[in-house]
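Okay, hi everyone, thanks for making the time. Let me put the structure up on the screen, and then I'll walk you through it.

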Amino acid sequence: MSLKSKMESGEVYRESGFTDPIDINYAKELEKQRQLGKHLAFKFNQTDPNDELTRQSLMKQLFHQVGKRPFIEGPLYTSYGCNTTIGTIFMQILI
């Protein structure tokens, strides 16, 4: 079973040690997604907590789908972000 199939079906998978060129290429795509997710989370964590417009813009770039006026109290950590959907009424405070 391919890396992508395992991920999509929720099976345990690893992201290295492949010999199949399709899996190797997909792992490279995952690395790009992970780096973008970490970059956007870093930018989110560096914004002024009162700068709601910038924070919402970053969330829309980071997550697959974002509802109206989500609230996340940083710091925010994510591996990818692009696979995450945030609903219309969402509040996250991490302590």
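This is a predicted model: local features need pLDDT of at least 70, side-chain atom pairs count only at pLDDT 80 or more; totals for chains, interfaces and linings use all residues.

The protein chain has three helices and four strands. If you follow the sequence, the order is α-α-α-β-β-β-β. The C-alpha trace spans about 50 × 25 × 25 Å along its principal axes. Of the 95 residues in the chain, 28% are buried. And if you take the contacts with a separation of 6 or more, 22% of them are between residues 24 or more positions apart.

Now, on to the helices. Have a look at α2, residues 21-46, and α3, residues 52-62: they pack at an angle of about 170°, and their axes are 10 Å apart. Angles over 145 degrees count as roughly antiparallel, so that is what we call α2 relative to α3.

Which residues in α2 and α3 meet? From α2 we have G37, L40, K43 and F44, and on the α3 side there are R55, L58, M59, Q61 and L62. Sort the residues of that contact by type and you get five nonpolar, two polar and two charged.

R55 lies over the face of F44, at 4.3 Å from the ring centre. As for aromatic pairs, a search of the whole structure turns up zero.

Next stop is E15, in the loop between α1, which is residues 3-9, and α2. Leaving aside residues up to four places away in sequence, E15 touches A27, L30, R34 and Y80. For a sense of distance, take E15 and E52: they are 37 residues apart along the chain, and their C-alpha atoms are separated by 35 Å.

The peptide bond from G74 to P75 is cis, with omega near 5°.

That's my tour, so over to you for questions.

Definitions and conventions
Residues are numbered from 1 along each chain as its sequence is written. Side-chain values use heavy atoms; hydrogens and water are left out. Axes are lines fitted to C-alpha atoms, for helices over the stretch in contact, and angles run from 0 to 180 degrees between N-to-C directions. Helices (H or I, at least four residues) and strands (E, at least two) are DSSP runs, numbered from the N terminus. Angles under 35 degrees count as roughly parallel, over 145 as roughly antiparallel, 65 to 115 as roughly perpendicular and the rest as oblique. Contact means heavy atoms within 4.5 Å. Ala, Val, Leu, Ile, Met, Phe, Trp, Tyr, Cys and Pro count as nonpolar, Asp, Glu, Lys and Arg as charged, and the others, Gly among them, as polar. Rings of Phe, Tyr and Trp (its six-membered ring) pair if their centres lie within 6.5 Å; planes under 30 degrees apart count as stacked, over 60 as edge-to-face and the rest as tilted. A charge sits over a ring if NZ of Lys or CZ of Arg is within 6 Å of the ring centre and within 35 degrees of the ring normal. Buried means under 20% relative accessible area, exposed over 50%, partly exposed in between (1.4 Å probe, protein chains only).
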